[in-house]
Amino acid sequence: MSDFIIFSIDVFASLFIFALGIGLLVIVCFYISDVTQSKQAIRRNYPVIGRFRYFFERQGEFFRQYFFAMDREELPFNRAERSWVYRAAKNVDRTTAFGSTQSLEATGTVMFMNCAFPTLDEDALDPSEVTLGPYCQAPYTTNSLFNISGMSFGALSKPAVRALSRGAKLAGCWMNTGEGGLSPYHLEGGADIVFQIGTAKYGVRDEHGKLSTEKLKAIAEHEQVKMFEIKMSQGAKPGKGGMLPGRKVTAEIAKIRGIPEGHDSISPNGHPEIKCPADLLDMIETVRSTTGKPTGFKAVIGEYTWLETLFSEINNRGIESAPDFITIDSADGGTGAAPQPLMDSVGLPLRESLPLVVDLLKKHGLRERVKVIASGKLIVPSKVAWALALGADFIVSARGHMFSLGCIQALQCNKDTCPTGITTHNERLQRGLDVTDKAQRVANYNKFIHYGAGLIAHSCGVSSARELARQHVRVVQENGLSEPLDKMYEHYNK
C-alpha cells in the first residue's frame, strides 16, 4: 500500500510540474505576443496582466446582471420584469411582498386610475373579437390581445421556433414569422401565422430578389397563414435591413430564404419598389389581391408627415385600399444585431408614435378600418394595458416570449453562442431547450399577460382590457405630479 501511495505522489507531482511548465510556457508566449503587437496599448505596456482587462470587460455585463444591478436598474429589461415573465411562464407564484420596488415619483411613471366601484368577477368579460381585413376574401378574426412578434428561423434556432409555434397554438395567439420566410417549424404547432415580407423578400423572392406572386400564392395556400405584414422598418435599426451572419446561414435556412449557404444575409435598407405612400398602397394591394388575406405594414415612426399623405391617398382611392393593420414598432425595439447608432438614437419611442398614429387615423376617419398593433418592450401586463389604453388593438412581443423560452439576456444573439439554445445553431447548446416544456411555458406566459391586463382593467372599472382608454392612465411629470394621458396627447388632435 505504501508503494502505491508513493507512486501516486510521484505521478501527481510529475503532473503538477508538467502543468506548471505548460503554464509558464503559455505566459511566456503571451508575454512575447503582447510586447510585440501594436494594436492594443494596454497589452503592450502591461503584457499578460493587461489581458485581464478585456476578460473582465466582457464578463462585466454578467456580473452586473446577477450581483450589482438593482431590480429596476438593468437594461434593456430589468430584473423585476424578467423575473415576472419567468414566474408566469413556469406558472408559479407571481405575487410580491412588502411593497413595490418601483418608484412612483420618477418622471414617466405610469399609474392606472382605480375605480371606486371595480368590476366584479362575475361581470368581467373576455377580450372581444376583432376582425382584420373586412374587404378580403379571407378576413381574420381573433380575440387574442397579446401575440408573438416577428422572429426569423435562422435568427432563432429550430427548437425555439418549434416551441413558439406549439405554445402559440396552446395560447390561441398568432405567431409572426419574421422576415426569414416560412419554415416547417412555424407550421408544426398548428398556430395562426402572420407571414412577414422583409425588404429582401425572403421566401417569396424570385431569382432577381423581387416579389414573386407565384410564391406568395403558395404561402397563402397554407390555411394557418392568416395575414401578411410588409416590413418597412423595425425599431432597433430604422433605415437598416436585417442581418444574419453567414455562420448561421445553414443549407436549410438558405433554401427557405432563397439565398446562398454560408454567406452573410443582409437585407436592403428599404423596399426598392416602395418610394412613396402611393407605392406602399400599391404593394399592399398586390399582396392582398394575390393572397386574398389581410395585409398591413410594420414601421418604426420617425418623420411622420408621410402618414398624412398616406391617409389622404387612402381616402382618395377608397377605404378598401387601406392597409388592414399598421404595426408600430418602438425605437427601443430589439434585434439580434444592429448598428449601435441606430439602436440608440433613431426613431420615436412608442409613447409618442402610438398615440400619434392612432390620432391621425381618427383625424382621417380611418380608425375603425385600420387596426393598430403595438410593439416594443411590452412584456408585462401593465405595459400591455398601457398600450391598449393609448389605442392599440393588439400587442406583439418578441423578447417577452424569448424570456418565456428561458432567455437570460446574455446579449449573445448575434454570436451563435446563446447559452439557452434560443438564438444558436450549435446543436449542443440547442439540447438544453426542451420543446414540450418550453411550449407550455410560452402558453402560460401568454395566459398570465391576458389575466394581468384584465386585472388592471377591472380595477379601473371596465369589463375587459380592450375597454381601457387614456382617461384611465396618468403619467408622472417633471414636477412630480401626474397628468392624464388624454390631456398629455390632446395636441395630437389639432
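Here are some questions and answers on this predicted model.

Me: Is Lys248 buried or exposed?
Reply: Lys248 sits in the loop between strand 8 (243–244) and helix 8 (251–257). Its relative accessibility comes out at 2%. The cut-off for buried is under 20%, so Lys248 counts as buried.

Me: Which residues does Lys248 touch, leaving out those up to four places away in sequence?
Reply: For distance along the chain, take Glu261: it is 13 residues from Lys248, and the two C-alpha atoms are separated by 9.1 Å. The contacts themselves are counted with heavy atoms within 4.5 Å. With sequence neighbours up to four places away left out, the list for Lys248 is Gly154, Ala155, Ile253, Cys413, Asp416, Thr423 and His425.

Me: Which residue's backbone nitrogen lies 3.0 Å from a polar atom of the Ser233 side chain?
Reply: Ser233 belongs to the loop between strand 7 (225–231) and strand 8. It is buried, with a relative accessible area of 12%. At 3.0 Å from a polar atom of its side chain lies the backbone nitrogen of Val300.

Me: How far apart are the end C-alpha atoms of helix 10 (residues 305–317)?
Reply: Helix 10 has 13 residues, and at 1.5 Å a residue they should span 18 Å. The model agrees with that, since the end C-alpha atoms are 19 Å apart.

Me: Where do the buried residues of helix 10 sit around its axis, and what do they pack against?
Reply: The buried ones are Leu307, Leu310, Phe311 and Ile314. They cover an arc of only 90° around the axis, so they are on the same side of helix 10. The face turned away from that side carries the exposed residues Thr305 and Asn316. The packing partners of the buried residues are helix 9 (277–291), strand 10 (295–300), strand 11 (325–329) and helix 12 (350–363).

Me: What covers the buried residues of helix 7 (residues 213–220)?
Reply: Leu216, Ile219 and Ala220 are the buried residues of this helix. Their arc around the axis is only 95°, which puts them on the same side of helix 7. The cover includes strand 6 (192–197), strand 7 and helix 9.

Me: What share of residues 12–33 is helix?
Reply: An unreviewed UniProt entry places a "transmembrane region" at these positions. In the model, the end C-alpha atoms of this stretch are 31 Å apart.

Notes. Residues numbered from 1 in each chain as written. Predicted model: local features only at pLDDT ≥ 70, side-chain atom pairs only at ≥ 80, totals over all residues. Heavy atoms only, no water. Helix = DSSP H or I, 4+ residues; strand = E, 2+ residues; numbered from the N terminus. Buried < 20%, exposed > 50% of the residue type's maximum accessible area, 1.4 Å probe, protein only. Polar contact = N/O pair within 3.5 Å; in protein donor to acceptor, adjacent residues only side chain to side chain. UniProt positions renumbered as here; feature names shortened; annotations may be inferred. Expected span 1.5 Å × (residues − 1). Arc of directions from axis to C-beta.
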